[in-house]
Amino acid sequence: MDYTTFINAIFHYGSILLAVMAVLVFATTIIVEVIKGLFPKVPTNFVAVIVALIVTVLTAVILCAVLEITVMWYYAVGAVVLGIFVAYAAMFGFDKFKAAWDKLQALKK
C-alpha cells in the first residue's frame, strides 16, 4: 500500500467515523432529554454516559452483524472508548467545544 492510498483510506474512514459519531451524539441527546423529562431527579450526566455507552456498543454490535464481521475484543474496547467521547460530546456539546476553540485561538496570538 502506498502513501497516497493510506492517506485516502484514513480520510475516508475518518469521515465515516465522524458522521457516525454525530448521529450517535444526536441520538444520545434525544434519548437523554426524554429520560430527563420522565425522571427529572436522575443526574443528567450519569444518564448521558450510560445511554451513550449503550447506544454506541449496540451500534457497533449491529454494524458487525450487518457487515458479517467477527466481533473481536478490541472492537468492544473501541466502542466503549467511542461511547465515552459520544457521552462527552452529548453532555457538553457545542458550547464547550466553542469555548475550547476560542481559548486555543487566544493562545496562538
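Helix α2 is followed by glutamate 68, whose phi is positive, near 55°. The model is predicted: local features need pLDDT of at least 70, side-chain atom pairs count only at pLDDT 80 or more, and totals for chains, interfaces and linings use all residues. Residues are numbered from 1 along each chain as its sequence is written, and side-chain values use heavy atoms, with hydrogens and water left out.

Helices here are DSSP runs of H or I with at least four residues, numbered from the N terminus.

Buried means under 20% relative accessible area, exposed over 50%, and partly exposed in between (1.4 Å probe, protein chains only). The buried residues of α2 are Val47, Ala48, Val51, Ala52, Val55, Thr56 and Cys64.

| Residue | Helix | Relative accessible area |
|---|---|---|
| Threonine 56 | α2 (residues 44-66) | 2% |
| Valine 25 | α1 (residues 3-38) | 18% |

The side chain of threonine 56 reaches the backbone oxygen of alanine 52 at 2.7 Å. Apart from neighbours within four places in sequence, threonine 56 is in contact (heavy atoms within 4.5 Å) with Leu24, Ala79, Leu82, Gly83 and Val86.

With neighbours within four places again left aside, valine 25 is in contact with Val86, Ala89 and Ala90. The C-alpha atoms of valine 25 and alanine 48 are separated by 9.8 Å, the two residues being 23 residues apart along the chain.

Definitions and conventions: Polar contact = N/O pair within 3.5 Å; in protein donor to acceptor, adjacent residues only side chain to side chain.
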